[in-house]
Amino acid sequence: MLERSSNRPDDRTNLGELAVTLQSQADARGELIGAAPTDDETNRKNMALLIQLRWTAVVGQIVTIGGVHFWLGIPLPLTRMGAVIGALVLLNVSSLVWVRHRAAITNNELLVALMLDVAALTAQLYLSGGATNPFTSLFLLQVTLGAVLLDARSTWSLVALSCASFVWLTMAYRPLDLPPNPLSETYTLTVAGMLLGFVLNAVLLVVFVTRINRNLRERDAHLAALRQHAAEQDHIVRMGLLASGAAHELGTPLASLSVILSDWRRMPDLAADQELAEDLTEMETSLQRCKSIVTGILVSAGEARGEGSSPTTVTAFVTALVEEWRDARSARTLYFVNTFGEDVAIVSDIALKQVIFNVLDNAYEVSREWVELLAEREGDNLVLSISDRGPGFAPEMLAQLGKPYQSSKGRAGGGLGLFLVVNVVRKLGGSVTAENHRKRGATVRLTLPLATLAIGGSFDA
């Protein structure tokens, strides 16, 4: 419906006016593209995963130490190993508080967290056999996590620390006091420990690396969306400059036409012909409309919100908009339904007006016998629903909602109507959705926060 805009000259000029207005009002509202700190948010999620891994390590160490000491009968320095576990618990609690009050998590801070985990693992291995302990394979878990989370320089620093720790454990460690068992039983315990260490490594790597990759994919998707948004903004700016330039160029021929029509009206021969006089009146009306459109483009090119705008209410704004659209299109098949409820003071917004005009034009083009505009309130949002009885949207059009040059008309440059509509509404903090009816027709819903439309940019419910 939005993509099926008419090809009349004034509609194309409206799109140009909309583009320039969008450019100027984006600065007035102070929209920050990519306000969310993508990398910092991803690092925050990854730090949370490291804290979860540390809790897993605490539980695993308690179970393993208890099983080895009490079940296998191999004496361990429980006090010192318990102190290491206590330090990990204290580190985790401190990390939770620290992360909650940090605005951003850096690469270096992730590196420090992983190095502390390597140090804790080294301490436990030192107290339980050193390099002979089969759980030395857990060093690979820390290195793998570092390779995924850190930059290259930090990763190599973690590799160096892990290798140095392993080498140190080959020379300095507390030997295990194994019970007098045959060699075969000692070998069996070693193999069992290696198997358990391998399983722990594999499970933890799959679980945590999968979650980390998901965080990284979300970050990449967000960055891609920001790049797409920036490209769209650049496209709109270029369209706005083109429309502004065209408006300046059109000013001179329109002024010439106005003078010529005035001269014709003063000619006695033409004034005496009633039919010609009516044609001249219609031509002057159309000319005045063209001049007002051009003037609107030039004014909106440097207009901020509040300059040239007037205070109004939701009901007054939508009602006046409907009447203006009916008069300009000589269309009486637009049905307006207002269920908004208690009225709210807002500022008359030129860009929003052009958006609604564009949607109504497209609906009217495919459904001249019936178009409905429904104004309603959902919480603190104004919802405008434009429905028609046309053929509806193709599935691929709905899937590409808001993308430029997505049009079913097949003409060059088509499909900008929906693109501009989505961007204007998005700059107002709202959203645009479209859906087909079961039998025939479609509905486009514009959801707009009242706080954005309110006078002064604030809204009290």
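**Entry 1. Confidence**

What pLDDT does the chain average, and what share of the residues score at least 70? I began with this point, since the model is predicted. The chain averages a pLDDT (the predictor's confidence in each residue, from 0 to 100) of 76, and 76% of the residues score at least 70. Helices (H or I, at least four residues) and strands (E, at least two) are DSSP runs, numbered from the N terminus.

I then looked up two stretches. Residues 302-308 stay under 50 in pLDDT, and the model has 14 contacts (heavy atoms within 4.5 Å) for them beyond four places in sequence. Residues 410-414 are also below 50, with 7 contacts in the model beyond near neighbours in sequence. Where pLDDT is low, the predicted coordinates should not be read in detail.

**Entry 2. Conventions**

Residues are numbered from 1 along each chain as its sequence is written. Local features need pLDDT of at least 70 and side-chain atom pairs 80 or more, while totals for chains, interfaces and linings use all residues; side-chain values use heavy atoms, with hydrogens and water left out.

**Entry 3. The sheet**

I traced an open sheet of 5 strands in the order β2-β4-β5-β7-β6, with mixed pairing. β2 (334-339) and β6 (431-436) are at the edges; each has a single partner strand, so one side of each lacks a neighbour in the sheet. From one strand to the next, the twist averages 15°.

Strands pair if DSSP finds at least two bridges between them. β4 and β5 (residues 381-388) are antiparallel over 8 bridges, and I noted that L373 has I386 in β5 as its bridge partner.

**Entry 4. Helices on the sheet**

Helix α10 lies across β2, β4 and β5, at about 175° to β2. Such angles run from 0 to 180 degrees between N-to-C directions, with axes fitted to C-alpha atoms, for helices over the stretch in contact. Helix α11 (residues 350-366) packs on the sheet and touches β2, β4, β5 and β7 (442-449), its direction making about 20° with that of β5.

**Entry 5. Two residues**

Is S154 buried or exposed? S154, in helix α6 (residues 152-171), is buried, with a relative accessible area of 5%. I also checked E323 in α10 (residues 314-329), which is partly exposed at 34%. Buried means under 20%, exposed over 50%, and partly exposed in between (1.4 Å probe, protein chains only).
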